[in-house]
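Dear colleague,

Here is the structure I said I would pass on. My notes on it come after the model.

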Amino acid sequence: MHKITILNGNEFIYKSNNSKILEDGSFTWKAPSNIALVKYWGKREYQLPENPSISFTLSNCFTETTLEFKKSQKPAEVSELYGDNDFKQTLTRKESVFEIFLDGKRKLEFEEKVGLFIKRISQLVSFIYDYDLVINTHNSFPHSSGIASSASGMAALALCIMSMEKALNPSIPEELFYKKASFLARLGSGSAARSIKGELVVWGEHREIIASSDLYGVEFPHKVHDNFKNYQDTILLVDEGEKQVSSTVGHNLMYGHPFAKKRFEQANENLSKISTALKNGDLKSFINIVESEALTLHAMMMTSNPYFILMKPNTLEIMNKIWQFRNETNANICFTLDAGANVHVLYPEKEKETINNFIISELIKYCENKNYINDRIGFGAKQI
Ligand code: DP6
């Protein structure tokens, strides 16, 4: 069997020949959150998806990260003993030196996750160990909103690291820059691979999407119908608490899940169908696939063992109200869900006024503290 390693894709290994000298400096990137239309749920080593997914890039929900770097006087080295009693050896390895601040406050709990991320990507960006790093990050949405910041956060950080690579090696082609950023972001959080570039991004190999890959996200390669231009997403914050179940735990529950195989096949079929709908402007099919994907994601959680329910009573109230409104008015409104209780309400720009009125008069009351975020499709990350 073909063995996939973290280094799969040698084109992504940083080569230090012809490098410029880089002493200190900083780079800032703003990376968006994304909302999956066909969901990624189930992964294998290393952060490879069991099925392809597609998402809308968001615009108002983003993370802005500044990475400050300074050449270490002496790159930190850690000595570790490894091996069993008969064969003990001292392994000297380098360790990155970094601190993370969220809105100016040191965030020790992020440092473990990012430390692991840096270790994972270190073979691909070996220069990283030569620097002391300070990461300053800010999310446009409140930390407690229940909106995952891992996609936008890991994407912004991966892009800052790629800017360092570009400063060292200015000849890196633009295409490779973004591909590698997505590859690195994926190693931090799977869905982050879809938060780099483009309005609609596919991550995971699919027979009909040219150049699609399990290793990084690619822009949806077809012309999208005008019906989907500037598509709207109102995020209803039903439950602002921290997630009850981490995505990683959830993904792992797809191992040995009784319906896993069928689910992965279905995601492939749904990606074909939604691809056709996006090209033809078929809003009714789009709505059907998107809602079915959201409910299937939650059905997978309910039918795993251990089983869990992340929807709240108000999530169901909102879904029922949306169905009722759609039946009565034929409006092209639909919902999707993440691994949580919040509801993303999706609709075309053309119907914005009527649907906004409906949301405000009928749905906001189900949100915690009446909180919601008006968002829409975005274009991808931007260097600041
Ligand atoms: C339900 O990307 O958060 O939002 O790879 O473990 O970091 P990790 O998981 P993550 O999973 C996202 C799952 C989802 C569906 C999706 O975005 O496709």
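The notes below cover the ligand site and then the nonpolar cores.

This is a predicted model, in which local features need pLDDT of at least 70 and side-chain atom pairs count only at pLDDT 80 or more, while totals for chains, interfaces and linings use all residues. Residues are numbered from 1 along each chain as its sequence is written, and side-chain values use heavy atoms, with hydrogens and water left out.

Ligand site. There are 17 residues around the ligand, and those that come nearest are Tyr40, Lys43, Ser189, Gly190 and Ser191 (near: a heavy atom within 4 Å). By class, this shell has five nonpolar, eight polar and four charged residues, with Gly counted as polar and Tyr as nonpolar. Helix α4 (residues 247–252) gives the most to the shell, with three residues; helices are DSSP runs of H or I, at least four residues long.

For Gln47, a polar side-chain atom is 3.5 Å from an oxygen atom of the ligand.

Nonpolar cores. The largest has 80 residues, of which Ile54, Ile161, Ile274 and Phe286 touch the most other members (a core joins buried residues, under 20% relative accessible area with a 1.4 Å probe, through side-chain atoms within 4.5 Å). Helix α2 (residues 150–168) gives the most to this core, with 12 residues. Apart from this core lies another, of 23 residues, including Ala294, Phe325, Leu337 and Tyr347.

Regards

Methods. Polar contact = N/O pair within 3.5 Å; in protein donor to acceptor, adjacent residues only side chain to side chain. Helix = DSSP H or I, 4+ residues; strand = E, 2+ residues; numbered from the N terminus. Buried < 20%, exposed > 50% of the residue type's maximum accessible area, 1.4 Å probe, protein only.
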